[in-house]
There are 2 protein chains.
Amino acid sequence: MAAMATEEDLGTRIEEALRLRFTERSTAAEAYGPEFAALWRAAAEHALGGKLIRPRLLLDFRLALSAAGLTHEEAACAVDIAANVELLHYAFLLHDDVIDGDLIRRRRPNLIGSLAERRSDDPDDAELHWARSSAILMGDLLLASAVLGFARADVAVDTRDRLLALMEQTILETVAGEHTDIGLSDGIIPPDLRTILSMSAYKTATYSFVLPLRAAAVLAGASASAEEQLTAIGRHLGLAYQLQDDLLSVFGDAEEHGKDAFSDLREGKETAIIAYARMTGHWPSIELHFGAPELSTRQCTDIRDRLRECGAEGFARSLVEEQLGAVSTVLAEAETAGTISPAAGRTILALASRIESRRA
Amino acid sequence: MAAMATEEDLGTRIEEALRLRFTERSTAAEAYGPEFAALWRAAAEHALGGKLIRPRLLLDFRLALSAAGLTHEEAACAVDIAANVELLHYAFLLHDDVIDGDLIRRRRPNLIGSLAERRSDDPDDAELHWARSSAILMGDLLLASAVLGFARADVAVDTRDRLLALMEQTILETVAGEHTDIGLSDGIIPPDLRTILSMSAYKTATYSFVLPLRAAAVLAGASASAEEQLTAIGRHLGLAYQLQDDLLSVFGDAEEHGKDAFSDLREGKETAIIAYARMTGHWPSIELHFGAPELSTRQCTDIRDRLRECGAEGFARSLVEEQLGAVSTVLAEAETAGTISPAAGRTILALASRIESRRA
């Protein structure tokens with residue numbers, strides 16, 4: 001009995017699947033004391049507030065790969081794997097926030113900020129330590145949960161093995177990318193352009209783009225060469241996405257993108273834009289203020305103008321085009337070889353187009 | 001072709017299995033830059049220096065459960081699962097050290113200390129941040145690796161499902177125990193005796209005793225009731241072990257046990273000994289100095305004498321006896337019911353006896 005499952009329907013089901021997981025865990029956590037249960041409830045609240053970009057991509061692509069629609073079982077399995085992808089994402093976010101010392105995400109308290117606030121309005125060192133340590137531990141639980149979720153997928157043995165290999169590679173590359181990113185911001189690793197681009201590919205593209213696309217392909221029984229092509233496509237899409245992110249922080253409209261304007265400049269974030277600027281004669285005047293937390297809006301717009309003049313903006317925009325061009329090239333090869341269907345190709349091109357015109 | 005595998009032989013094989021895993025990873029890590037490869041090499045050095053208590057317990061018990069000895073396949077599988085138990089242990093240690101801010105373990109630099117030392121003799125904030133962040137990330141990799149190792153065990157489907165359920169429960173309880181421990185030391189959770197004992201059971205007993213015993217039982221095809229009895233036995237053993245640890249730090253011979261004498265008193269560690277003392281009239285005089293990092297040896301011996309006088313030492317020693325007595329009771333029931341063999345029972349009793357006479 002093959003029932004069609006629509007995109008809308010599956011989107012709602014990811015939310016339900018995630019909500020169910022957290023509710024079950026929060027209840028089970030009661031046995032370990034009120035503070036542990038409170039941690040689970042707080043984590044649920046934060047984890048469920050996301051835009052579900054990665055699981056939605058997985059499901060969109062999974063639907064595109066099956067012209068005849070998904071059976072109940074296939075849909076349930078895709079939703080389950082998609083929920084695990086979101087858990088992995090949230091686990092990474094938590095450890096990222098601990099490492100960066102952040103208490104805020106998208107202008108609201110993150111899990112650490114909320115846990116600290118629950119103790120007092122002006123948390124002391126012990127309260128912040130408690131909140132950060134809680135986030136490390138919740139990250140561990142959700143990371144393990146995501147891996148266990150992949151391990152328990154209700155699929156054939158060889159599909160499960162492919163999913164586990166994908167999960168392993170994803171975690172390794174994401175962690176490697178994060179490690180390089182920290183090395184860059186701590187001044188341990190030199191910020192050359194090549195390092196920054198490979199860091200972005202590993203830290204962002206692998207789990208946000210390659211993982212959803214490949215997981216969908218594995219669930220749909222795609223070939224190993226399709227997986228390989230999707231790895232390349234996901235990497236190009238992810239790099240383009242990250243470069244757009246970097247561009248938005250400096251040249252975008254803060255009203256539209258909703259992040260703190262110029263936060264990258266105040267944080268001294270090593271991006272492709274900055275790596276390019278370093279190689280130009282404008283760098284000494286940019287370096288003077290770059291990375292100062294107290295920069296005024298006026299100083300930031302000055303730096304922005306210099307980054308434009310020195311050609312860094314144009315360079316980053318051309319990189320975005322290059323990456324999106326590479327997506328089309330790999331996709332055309334895949335369609336010619338018959339490894340990726342035209343419908344699946346359209347899903348990828350629609351995503352590339354959203355990244356290209358991204359304003360928020 | 002059933003070949004016997006001896007205890008000695010299997011012990012060596014765990015080391016080899018761990019070494020192989022780390023060597024493979026260190027080599028693969030080269031692709032992600034020299035710093036990431038260096039992190040893997042440093043982690044290997046530290047992880048391979050352990051006493052392998054947990055994997056050895058697993059293998060001892062696995063051998064005891066099979067009167068006829070292990071086939072090559074059974075031995076290989078037990079070694080593989082044992083290596084994953086050690087990886088889980090080391091992942092927990094790394095995150096523990098990050099949370100506690102420790103740079104030293106057993107009088108030598110831990111991974112964080114080594115990574116910081118590699119940067120400079122007197123590491124600055126950025127260098128310490130780099131070292132701590134690296135330890136968070138390596139903990140993530142090893143945690144995921146341990147779960148993946150269980151997921152890929154070369155066993156029947158229902159055995160694998162039991163192993164995964166065991167792994168999930170282990171991680172949940174260990175993290176819950178660690179969370180409570182942090183809450184105690186940050187002054188968030190009140191240090192009553194019941195909380196401290198359940199914290200110890202979750203934080204230490206679950207993964208150090210219950211996990212190895214149950215994993216061995218699952219691999220040997222033991223019944224669900226055997227697993228349940230081993231959960232109780234492991235919890236009692238683990239509590240006795242932790243209480244002995246607490247006793248050693250205050251009343252033991254530092255020359256013998258090799259840890260810093262009185263470190264628990266200087267750190268203000270909330271143990272069963274302290275929880276008991278809090279309920280006595282001696283507490284005000286103990287509280288005066290308890291938890292002061294700069295305590296002299298003389299002040300520490302003063303506190304030690306008071307902890308003895310108020311009955312806290314005797315109380316903790318009686319708890320050890322009570323826990324070990326409970327091990328014998330559950331074991332006798334299990335042997336009567338035929339769920340645990342006499343040979344397996346002897347392995348448990350030998351372990352109980354080592355814990356009872358523990359001096360280091």
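User: Why are H4(A) and H6(A) called roughly antiparallel to each other?

Analyst: In this predicted model, the axes of helix H4 (residues 72-100) and helix H6 (residues 125-151) of chain A cross at roughly 155°. Angles over 145 degrees count as roughly antiparallel, under 35 as roughly parallel, 65 to 115 as roughly perpendicular and the rest as oblique. H4(A) and H6(A) are therefore roughly antiparallel. Their axes come within 8 Å.

User: What makes a residue part of the contact?

Analyst: Contact means heavy atoms within 4.5 Å. Among the residues in the contact are Leu88(A) and Ala91(A) of H4(A), and Ala135(A) and Leu142(A) of H6(A). The residues divide into 15 nonpolar, five polar and three charged. Ala, Val, Leu, Ile, Met, Phe, Trp, Tyr, Cys and Pro count as nonpolar, Asp, Glu, Lys and Arg as charged, and the others, Gly among them, as polar.

User: How do you know whether H9(A) and H16(A) are roughly parallel or antiparallel?

Analyst: Helix H9 (residues 224-251) and helix H16 (residues 342-356) of chain A pack at an angle of about 15°. H9(A) and H16(A) are therefore roughly parallel. Their axes are 9 Å apart. The contact includes Leu237(A) of H9(A) and Ile355(A) of H16(A). By class, it has nine nonpolar, one polar and one charged residues.

User: Which hand does the crossing of H9(A) and H16(A) have?

Analyst: The crossing is left-handed. That term applies if the near helix is turned anticlockwise from the far one by less than a right angle; clockwise is right-handed.

User: How are residues and chains labelled?

Analyst: Residues are numbered from 1 along each chain as its sequence is written. Chains are lettered from A in the order in which they are written.

Key
This is a predicted model: local features need pLDDT of at least 70, side-chain atom pairs count only at pLDDT 80 or more; totals for chains, interfaces and linings use all residues. Side-chain values use heavy atoms; hydrogens and water are left out. Axes are lines fitted to C-alpha atoms, for helices over the stretch in contact, and angles run from 0 to 180 degrees between N-to-C directions. Helices (H or I, at least four residues) and strands (E, at least two) are DSSP runs, numbered from the N terminus.
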